[in-house]
Amino acid sequence: PADMFSPGDVITVTVGKSNPKQDAGLKVEQGQNGKYYVRKVPSSGLFARTPVIAGDKILELNGKDAKDFKDVNEMKKMIRDEQRLTIVVLRRDPDASESSADS
């Protein structure tokens, strides 16, 4: 389903864990520019069946603007602790330079 989207598309996905300990399957990282990105989507996790892919830029998590997270650990904690996750990501153009992707 990931190829239904083009660079520049904003994608909103909600997943619900069947139990609080379930792994959402979303690995995130903070870029040198301070922005947050999807690092990996393990095939075993909940996000594996969504259009979210590695390299997507995270705009929002559970209604909280990505720039309001103080660091990547705060974002990881929310992914780990919340039973319902709604993420908004921006599909990036893999060929575009970082600066143009941020406009």
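## Basis

The model is predicted: local features need pLDDT of at least 70, side-chain atom pairs count only at pLDDT 80 or more, and totals for chains, interfaces and linings use all residues. Residues are numbered from 1 along each chain as its sequence is written, and side-chain values use heavy atoms, with hydrogens and water left out.

Helices (H or I, at least four residues) and strands (E, at least two) are DSSP runs, numbered from the N terminus.

## Nonpolar core

A nonpolar core is a set of buried Ala, Val, Leu, Ile, Met, Phe, Trp, Tyr and Cys residues joined through side-chain atoms within 4.5 Å. Buried means under 20% relative accessible area, exposed over 50%, and partly exposed in between (1.4 Å probe, protein chains only). The largest such core has 22 residues, of which Phe47, Met75 and Ile87 touch the most other members. At least two residues each come from strand 1 (10-16), strand 3 (36-40), strand 4 (57-61), helix 1 (72-81) and strand 6. Helix 1 gives the most, with four residues.

Contact means heavy atoms within 4.5 Å. Not counting residues up to four places away in sequence, isoleucine 87 touches Ile11, Thr12, Val13, Leu26, Phe47, Val52, Ile58, Glu60 and Leu61.

The buried residues of helix 1 include Val72, Met75, Met78 and Ile79. Seen down the helix axis, the buried residues fall within an arc of 120 degrees (taken from the directions from the axis to the C-beta atoms), so they line one face of the helix. Their cover includes strand 2 (27-30), strand 3, strand 4, strand 5 (64-65) and strand 6. At the start of the helix, a side-chain oxygen of aspartate 71 reaches to within 3.1 Å of the backbone nitrogen of asparagine 73.

Leucine 61, in strand 4, is buried at a relative accessible area of 1%. Leaving aside neighbours within four places in sequence, leucine 61 is in contact with Phe69, Met75, Met78, Ile79, Leu85, Thr86 and Ile87. Leucine 61 and isoleucine 79 are 18 residues apart in sequence and 8.5 Å apart in space, C-alpha to C-alpha.

## Buried loop residues

Threonine 50 lies in the loop between strand 3 and strand 4 and is buried at 11% relative accessibility. Its side chain reaches the backbone oxygen of phenylalanine 47 at 2.7 Å.

Arginine 91, in the loop between strand 6 (84-90) and helix 2 (98-101), is buried with a relative accessible area of 6%. The arginine 91 side chain reaches the backbone oxygen of proline 51 at 2.8 Å.

Conventions. Polar contact = N/O pair within 3.5 Å; in protein donor to acceptor, adjacent residues only side chain to side chain.
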